[in-house]
Amino acid sequence: MDSPIQLIENTDKATKQMLENVRKRKKKFDDTKRWHYLSIYATLFFAFSFFVYFYFTIAEHYSYSFLAMLSATLNDGINIYLLALTILGFGAMNLLKQQKEKKEKEYQDLRCEIVDRSKDLWKKEEEWKHRHIVFEMMKNKYDINLYHEKK
């Protein structure tokens with residue numbers, strides 16, 4: 001368990017475990033989001049490189065005939081390699097988008113569950129009065145908003 005969550009007072013172990021789980025899911029979501037954006041930029045870079053290379057090596061020289069362009073495209077190894085990287089990047093980008101959406105849903109569901117069950121998690125009067133300290137710590141340290149269900 002992360003040390004700031006362990007050091008929380010006026011909270012039972014089950015609540016601390018829920019807070020730790022939401023922290024882990026937020027981290028997984030952020031990591032997947034970062035990889036998704038990296039894949040977007042890599043795909044754009046490879047697509048741009050492919051089109052620039054294609055234009056200067058094939059389109060300028062073989063623009064008189066479509067079949068000549070097709071033949072030159074298929075005979076050029078770098079062109080095929082850049083096209084394959086662009087296609088693979090597009091596939092990876094879509095796969096990472098699906099993973100990002102899945103991890104975001106898991107994170108948001110658990111976060112909303114904590115918000116919904118806050119009255120049950122902090123049952124005692126003393127715990128209820130000090131729960132805002134836990135909410136502030138989660139917001140400031142991990143950027144997890146437990147005040148409202150909306151993003």
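1. Helices here are DSSP runs (H or I, at least four residues), numbered from the N terminus. The model is predicted, so that local features need pLDDT of at least 70 and side-chain atom pairs count only at pLDDT 80 or more, while totals for chains, interfaces and linings use all residues. Residues are numbered from 1 along each chain as its sequence is written, and side-chain values use heavy atoms, with hydrogens and water left out.

2. The structure holds seven salt bridges, a salt bridge being a side-chain nitrogen of Lys or Arg within 4 Å of a carboxyl oxygen of Asp or Glu. Lys27, Asp31 and Arg34 are linked in a network of such bridges: aspartate 31 meets lysine 27 at 3.1 Å, N to O, and arginine 34 meets aspartate 31 at 3.0 Å, N to O.

3. Because arginine 34 and aspartate 31 are three residues apart in helix 2, about one helical turn separates them. Aspartate 31 and lysine 27, four residues apart, also lie in helix 2 (residues 13–59).

4. Arginine 34 is exposed at 54%, whereas aspartate 31 is partly exposed at 26% and lysine 27 is partly exposed at 46%.

5. In helix 4, lysine 105 and aspartate 109 lie four residues apart, about one turn of the helix, and their side chains meet in a salt bridge of 2.9 Å, N to O. Lysine 105 counts as exposed, at 52% relative accessibility, while aspartate 109, at 42%, counts as partly exposed.

Terms used: Helices (H or I, at least four residues) and strands (E, at least two) are DSSP runs, numbered from the N terminus. Buried means under 20% relative accessible area, exposed over 50%, partly exposed in between (1.4 Å probe, protein chains only).
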